[in-house]
Amino acid sequence: MTAETRSDPAAPPGTGPEDACPGETAREESGTADAEFGTTEPGEAEPGRSHHHHLAHTWEEARQAAYDAATPIPPGPVALSIALGRKLDQDIVALQDMPHYASSAMDGWAVNGSGPWIPVEPGARLAPHQASPIATGGLIPVGGKAVLRTESAVLGQDDEGPVVMVGGKARPGEPRAGEHIRKAGEEALEGDILVKAGVELNPAHLALAALAGYDEVQVQGKPVVRLVLTGSEVVERGTPAPGQVRDTFGPQLPAVVAMLGGIHAGQQRIGDSYAEWLAALEDVVPEVPEAPDLPADVVITTGGTGRSGTDHLRRAVAELGGRLIIDGVAMRPGHPAVLAELPDGRFVLGLPGNPLAAMMALSTVGAPLFAVLGHRAMPDVQTVPCGTMIEADPGRTRLMPFRLLYGMASPAQHTGPGMMRGLAAADGVLVVPPHGVQLGEPVPAFALPWGPPIPPPKEGAAKAKPRSNARAAQPKGKPASNGPVDWSALLG
Ligand SMILES: Nc1nc2c(c(=O)[nH]1)N[C@H]1C(S)=C(S)[C@@H](COP(=O)(O)OP(=O)(O)OC[C@H]3O[C@@H](n4cnc5c(N)ncnc54)[C@H](O)[C@@H]3O)O[C@H]1N2
Ligand code: MOO
C-alpha cells in the first residue's frame, strides 16, 4: 500500500474536514511509528514496539479475527435477581410437589366432618365435628377435610359451649369435601419440568423458579463488560467550555453493550496518565457500586488508541503481558480500534475517543466478540440498494450511517468521526467497499443494535448484481430509477 494523506473525494454530503483523519494511513505505513512512540516517555515504550509494523486488518478480517479470538463463555449459576433475559442452560425442575403442602384458598374455618363444629386451636389436629380458624394460604391441619368461608359461617352456642355452624351467605351443600383446599402438587409434581433449557428467562420464569425454591439458575455464559472511559477533557454535566467535551459514552455504551449481548458491569473514569491506565487495566474485579461483583470478560476503553503522549492503551497492554489481536482496521471512521487479550483471559477492546469512530469500532470488533462469547452467530451483514454513487477510496472500507429513502440507502449527513447527529438519525450503516458503489448497486449494510432491521431486498430494486446476497437477484417488477439522485436535502 502507498501512503495516503489526500482528502477523500467521495466524502458524503455534509461531512467536513474532520472526516479526513489526517495521517491515519501514513502513520502506519511510513515506518516512522517507533520514533514517534519512543519520544514520549523514554525507556517505557519498549513493550509496545513490536506491534508497530503490521498492516491493519481489513474490515472483514477484523470482524472474523474478533469472532475467532474467543470461545463461548461456559454456562454457570446466576442469582435469580440478575438472571432476567439470560438463556437457561438446564431445565428448571420441580424440586418437590408444588404447592408442597395443602393450604386454604379462603379465610375461614378448617373443618372435619359435618357441622356444627366445635372450635379448637388453630393448627391442632381436627377430630370429626371440630373446626379451627384458618387464613388464606394457611396450612390445612391434619384431619381438615374442607374450608368453610368466613362469610358462610356463623358462631353459635349450644349446651356445651361455642359452635361453628353453616349460615350467612352459605350456598346449599357447603362445605363440600375438599372445598377451598389447594391440594399439594396441583401446580407440579416433584420432577416435573417447569422451564425448558434454551428459554430466555422472563420475569414470570424467575418468579416460577423462586416459587420452586431456586436461588440460582444455570444459564448460558454472557460477557461481563466493564467500561473504562478516559480523557481529562471529558465532562459529565452541563454545556462544555472550549477545550472540554461532553461525554458521549456514559449515556450510550451501557445500553449498546446490553443490546449486543453483554452484561454491563460498571464504568470507571480516568484521566490521561499512564498510571491510571495501567491501574484500570490491572483491576480484575473493580469496586463498582451496584454492579455485580464479577470479574470482567471484556474491558472496553475509550480514547487513547492514538499514538500521542497520552495514548497509553498499547503500552499498558504490553506491560501487562497482553497480546494485540487487532491493532488498527483499514476502515474509517474507527481506524485505530484495538483488540487485545490479557494473560488472565480478559479481552480489552480499545475504542477511539471520537464518538462515531468508537461506535463503528464497537460494531466492527465488539459485536462479533460479544456474539461468540455469548454463544451467538456472527452478526449479519445484509445488502441494501445504494441511492447514490460513492467513489472509491482505495485501501479502506468506509462505514457510513445511512437513511433509507424509497427503499434506497443514502449516506446521512453529519457523520464526521466526532459527531453523533448522523448516527442518531440513521436507519443502519453502509459498509462501503474500497472500490466504491454504483448507483442502485446493492451495498453491504448492517442494522444498528437499536434500529430497524435492514429491509429484505425488493424485487426490481437492484439494477446491478449483488455480490453477497443471491436473493436480491430477481429482476422483476418496477425498474430502478435512472440517474443520480441527491436526496441530501431531505436527510436529517
Ligand atoms: N497524529 C495523528 N492524530 C490522530 C490520528 C492519527 O492517525 N495521527 N488518528 C485520528 C483518529 S482517526 C482518531 S479516531 C483519533 C483516536 O483518538 P484516541 O482514541 O487516541 O482518543 P483521544 O485522543 O483521547 O480522543 C479523540 C477525540 O475524542 C474525544 N473524546 C474522548 N473521549 C470522549 C468522550 N467520552 N465523549 C466525547 N468525546 C470524547 C476527545 O476529546 C478527542 O476530541 O485520533 C485522531 N488523531
Ligand atoms: O476517523 Mo478516526 O478513523 O475517527 O477513527
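This is a predicted model: local features need pLDDT of at least 70, side-chain atom pairs count only at pLDDT 80 or more; totals for chains, interfaces and linings use all residues.
Let me begin with ligand 1, which is surrounded by 28 residues, the closest of them being Gly 303, Thr 305, Gly 306, Pro 352 and Gly 353.

Let me step back to the protein chain, which contains 9 helices and 26 strands. Of its 492 residues, 41% are buried, and if we take the contacts with a separation of 6 or more, 67% of them are between residues 24 or more positions apart.

Helix H8 spans residues 355-373 and bends by about 40° at Gly 366, with a proline, Pro 368, following within four residues. Because 18 of the 19 residues of H8 are buried, this helix is largely enclosed by the rest of the structure. Just after H8 comes His 375, where phi is positive, at about 65°.

Where does the largest nonpolar core have its most connected residues? That core has 78 residues, and those with the most contacts inside it are Leu 339, Leu 369 and Ala 445. Helix H8 gives the most to this core, contributing 13 residues. If we take Leu 339 and leave aside its neighbours within four places in sequence, its contacts are Ala 66, Ala 69, Ile 325, Ile 326, Phe 347, Leu 349, Val 365 and Leu 369.

I will finish with Leu 281, a residue in helix H6, which covers residues 274-282. Is Leu 281 buried or exposed? Leu 281 has 23 C-beta neighbours inside 10 Å, and the cut-off for a buried residue is 20 or more, so Leu 281 counts as buried. Apart from neighbours within four places in sequence, Leu 281 is in contact with Val 299, Ala 316, Leu 320 and Val 348. Gly 144, by contrast, lies 65 Å from Leu 281 in space, C-alpha to C-alpha, and the two are 137 residues apart in sequence.

Definitions and conventions. Residues are numbered from 1 along each chain as its sequence is written. Chains are lettered from A and ligands numbered from 1 in the order in which they are written. The bend at a residue is the angle between axes fitted to the seven residues ending there and the seven starting there. Helices (H or I, at least four residues) and strands (E, at least two) are DSSP runs, numbered from the N terminus. A residue is buried if 20 or more other C-beta atoms lie within 10 Å of its own, exposed if 12 or fewer, and partly exposed in between; C-beta atoms are placed from the backbone. A residue is near a molecule or strand if its C-beta atom, placed from the backbone, lies within 6 Å of it. Two residues are in contact if their C-beta atoms, placed from the backbone, lie within 7 Å. A nonpolar core is a set of buried Ala, Val, Leu, Ile, Met, Phe, Trp, Tyr and Cys residues joined through C-beta atoms within 7 Å.
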